[in-house]
Amino acid sequence: MSTASALDPAHTALLVMDYQPAILALLPESDGEALLGRMEKVIADVRAKGGTVAYVRVGFTEADWAAIPLTNRSFAPIAQYRLMHHADLDTAIHERLAPQDGDIVVRKIRYGGLSTTDLDQRLREHGITTLIIAGISTSGVVLSTVLDAADRDYQLYVLADGVADPDPEAHDVLLHQVFPSRAHILETAELHALLDQGPRA
């Protein structure tokens, strides 16, 4: 259980990262369905309380592929095989979690949600100081974003049942041994309670 204090929705953003069909397909189908169901409720809850919802998706243009060096072990194969084109339906945000007017949406070309986007600037412009992090995968976008956001001094929460990884062992190590030094770990039910206790804008 988290020992975190109540959240102020006016200064809080939920990051919904890499919830795209191509990435959800890396998980067992039942896991993906369960994640989508939980995230639908969390997104609705954060919106209803006056918080910000920010979406991060990965997708590449021809120029993005061309700029990836062969030395990049993770992304060179993506460029070589022309994977994850930004206009493909499989790289769109899953339709069940579709953004609404007023949400933040960014497209990235590396693991982290902040490093190749203007997300940090846009969050600051909204007065955001606290991030609730959800995403796929735990060892990819979640790990990179947690490390980066911690260095930028955000107050961080990782939504334990809103992150997943094709490698269960890596998921468990990160969630229980790595993230707690940088973020509060909590479940969706705890998040609902913290939002209910927080002040209103």
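Start with the largest pocket, which has a volume of about 350 Å³. Here a pocket is an open set of points on a 1 Å grid over the protein atoms alone, where a 1.4 Å probe fits, with protein on both sides within 12 Å along at least five of seven lines. Points are joined across faces, edges and corners, and the volume is the space filled by probe spheres set on them.

Next, select D18, I23, L26, V58 and Y111: of the 18 residues lining this pocket (those with an atom within 4 Å of a point), these are the closest to its centre. Now highlight α1 (21-24) and α6 (138-151), the elements that each give two or more residues to the lining. The largest share, three residues, comes from α6. Helices (H or I, at least four residues) and strands (E, at least two) are DSSP runs, numbered from the N terminus.

A word on the model: it is predicted, with local features needing pLDDT of at least 70 and side-chain atom pairs pLDDT 80 or more, while totals for chains, interfaces and linings use all residues. Residues are numbered from 1 along each chain as its sequence is written, and side-chain values use heavy atoms, leaving out hydrogens and water.

Now move to the second largest pocket, with a volume of about 150 Å³. Select D31, V163, A164, D165 and H171, which lie nearest its centre among 13 lining residues. Then colour α2 (29-48), β5 (155-164) and α7 (168-178), each supplying at least two lining residues. Which element gives the largest share of this lining? It is β5, with four residues.
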